[in-house]
Amino acid sequence: MEFPKQNFPEWYNEVIEKAGLVDKRYPVKGMHVWLPYGWKLMRNIDEYFRKIFTEHNHEEVYFPLLVPETEFKKEGEHIKGFEDEVYWVTHGGTTPLDVKLVLRPTSETAMYPLFSLWIRTHADLPLKIFQIVNVFRYETKQTRTFIRVREVHFFESHTAHATAEEAEEQIRENIEIWKKVAKKLALPYVLVRKADWDKFPGAHYSIGAETIMPSGRTLQIATIHQYLQNFSKAYDIQYLKEDGTHDYVHQTTFGMSERLVGAIVGIHGDDRGLIIPPEIAPIQVVIIPIVMKDKERILEEARKIKGELEGHYRVHLDDRDNYTPGYKFYDWELKGVPLRLEIGPRDLEKGQVVLVRRDTFEKISVGREEYIQKIGELLGDIQSNLLSRAEKEMASRIKNFDILEGIKEHDGIAVVSWCGSEECGHKIEELTEKKIIGIPMEKRKGKCVICGKETDTLAYVAKPY
RNA sequence: GGGGCCGUAGGGUAGCUUGGCAUCCUACCACCCUGGGGCGGUGGCGACCCGAGUUCAAAUCUCGGCGGCCCCA
């Protein structure tokens with residue numbers, strides 16, 4: 001690595017390419033190529049989404065990429081929020097289309113016309129589906145790999161319920177799912193309710209999971225939205241109740257994206273490169289044979305070890321002949337493999353292997369009779385260590401402020417009392433030159449930093465990506 | 001939204017002011033030598049973002065396009 005992590009923007013750009021996550025040279029702005037190693041990481045995350053949402057009674061579907069303009073424009077707030085940043089398909093070949101098509105920026109407008117056909121009676125509810133697809137947004141701001149891109153690898157779940165209470169219950173369930181996801185990825189976060197002017201276009205309210213990157217900027221890594229009947233009225237999604245009357249369904253969504261990879265890179269990495277949490281690492285253990293005179297004997301032993309570990313862990317044997325062990329150490333550290341296993345002549349003699357942790361660089365010699373189990377313990381320990389040290393780091397960047405002074409310079413989240421009015425909210429944003437990224441669940445008595453009114457509402461003020 | 005910097009082999013660069021043979025490092029290929037923290041040697045392959053203009057001549061100057069990076073709002 002050429003850049004230290006302190007130099008975050010440069011470090012970030014360097015590590016994602018050198019570690020083999022993406023190739024940014026694709027000649028369209030805001031779009032990059034996923035390389036095998038990076039794609040495997042993304043796919044491991046996707047697989048977890050499939051598992052956890054299936055356990056929570058969601059079913060996977062796939063809707064088309066193109067949405068007709070007529071459907072896209074049905075919900076007023078939604079279209080206002082997105083019309084400036086969608087890609088339009090205007091021609092079929094050389095023939096102009098009668099009805100233009102948009103590349104989905106998210107799939108509400110693709111799905112809900114079909115929801116209207118699928119949902120007839122209360123027996124059809126709740127409906128819970130998800131899909132993992134690419135969405136397109138014509139970002140006008142500076143693009144950043146994983147963090148702000150024009151083609152986004154996206155997860156979205158959509159639910160429909162009979163009552164507002166059931167939709168609220170779904171929001172609570174989504175939060176529980178998010179907690180599991182965050183643990184799996186070892187990501188620290190805070191949950192906030194978005195300010196009214198900042199909620200998802202068309203939503204009744206929005207909840208965001210926000211984390212803090214090393215630059216001090218916050219990154220929204222998951223969003224949960226309560227729509228109530230805002231979309232069902234626009235798309236005429238009605239069901240027949242037991243009493244014979246009709247009502248519109250109540251809807252929620254949950255979205256996550258490749259930003260999670262950006263967060264993992266930024267939050268866990270160090271001066272030597274990536275550190276990938278064991279739970280989702282493409283390779284959990286890399287075996288490096290230290291081959292000297294006994295080349296064949298050691299390689300044979302390394303292959304045997306690989307065979308022994310394969311049923312338990314995701315393991316890779318680096319038997320490249322043209323590189324020295326030292327080179328391989330640096331290489332796999334850059335790629336963030338959580339655990340390295342060295343096997344050389346000395347170990348062979350003693351019937352042991354050497355294990356080296358990526359998070360602490362601790363070296364552990366362990367006998368062959370117990371090493372399989374020890375690896376499991378170490379991987380678990382690395383996972384929890386990554387999370388706890390990231391949580392500590394994040395907590396140190398969240399600071400209370402009684403006055404506006406100092407907030408501008410604070411690298412992280414400033415917590416202030418706020419009366420909740422849009423007027424005072426915008427003043428806070430203007431004076432601090434930052435944004436209210438949301439309202440924490442936590443309440444505390446105080447006086448609004450702008451108008452001085454008594455309040456128990458707090459605001460998180462930060463510079464978001 | 002505003003400002004600035006930039007585009008030369010796979011990657012990183014020199015050359016650009018003052019137009020004329022494109023520099024070095026790395027990677028890659030071949031052979032030799034090696035191996036518990038980025039081995040070394042010899043030889044080789046490989047580039048001026050795209051388009052238009054000025055000119056005898058453009059990496060270099062002018063204009064446009066595409067793309068990248070940083071900072072500020």
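Good morning, everyone. One caution before we start: the model is predicted.

Let's begin with the layout. Chain A splits into domain 1, domain 2 and domain 3. Domain 1 covers 8-268. Domain 2 covers 285-378, and domain 3 covers 401-462. Now take domain 1 and domain 3. Their C-alpha centres are 28 Å apart. The two do touch: 14 residues of domain 1 are in contact with 16 residues of domain 3.

Next, the RNA. There are 34 residues around RNA strand B. Which of them come nearest? They are R25, Y323, T324, D347 and E433. Sugar and phosphate make up 53% of them.

What kinds of residue form this surface? By class, the surface near RNA strand B has 14 charged, 12 nonpolar and 8 polar residues.

Now some single contacts. Start with Y323. An N or O atom in the Y323 side chain sits 2.5 Å from a phosphate oxygen of RNA strand B. E333 has a polar side-chain atom 2.8 Å from a base nitrogen of RNA strand B. R340 has a side-chain N or O atom 2.8 Å from a base oxygen of RNA strand B.

Where do the surface residues sit in the fold? Which element gives the most? That is α10, with 6 residues.

Let's stay with α1 for a moment. Its buried residues are F8, W11, Y12, E14, V15 and I16. In an α-helix, residues three or four places apart point the same way, because there are 3.6 residues a turn. And what do the buried residues of α1 pack against? Their partners are β1 (22-23), α8 (259-268) and α10. After α1 comes G20, with a positive phi, near 85°.

On to a strand, β14, residues 250-257. Is β14 mostly covered or mostly open? Mostly covered: 8 of its 8 residues are buried. Both faces take part. H250, T252, F254 and M256 point one way. Q251, T253, G255 and S257 point the other way.

β14 also has strand partners. One is β8, residues 151-161, which runs antiparallel to β14 and is joined to it by 8 bridges. Within that pairing, H158 has T253 of β14 as its bridge partner. Another is β11, residues 218-228, also antiparallel to β14, with 5 bridges. For a landmark on that side, find I224, which stands opposite F254 in β14.

Last stop, G438. This glycine lies in strand β22, residues 435-440. Is G438 buried or exposed? G438 is buried, because its relative accessible area is 0%, and the cut-off for buried is under 20%. Leaving out residues up to four places away in sequence, G438 touches V192, R193, K194, A459 and Y460.

Note on methods: Residues are numbered from 1 along each chain as its sequence is written. Chains are lettered from A and ligands numbered from 1 in the order in which they are written. This is a predicted model: local features need pLDDT of at least 70, side-chain atom pairs count only at pLDDT 80 or more; totals for chains, interfaces and linings use all residues. Side-chain values use heavy atoms; hydrogens and water are left out. A residue is near a molecule or strand if one of its heavy atoms lies within 4 Å of it. A polar contact is a pair of N or O atoms within 3.5 Å; within protein, one must be able to donate a hydrogen and the other to accept it, and residues adjacent in sequence count only if both atoms are side-chain atoms. Helices (H or I, at least four residues) and strands (E, at least two) are DSSP runs, numbered from the N terminus. Ala, Val, Leu, Ile, Met, Phe, Trp, Tyr, Cys and Pro count as nonpolar, Asp, Glu, Lys and Arg as charged, and the others, Gly among them, as polar. Buried means under 20% relative accessible area, exposed over 50%, partly exposed in between (1.4 Å probe, protein chains only). Contact means heavy atoms within 4.5 Å. Two strands pair if DSSP finds at least two bridges between them. Domain bounds come from an automatic or database domain assignment.
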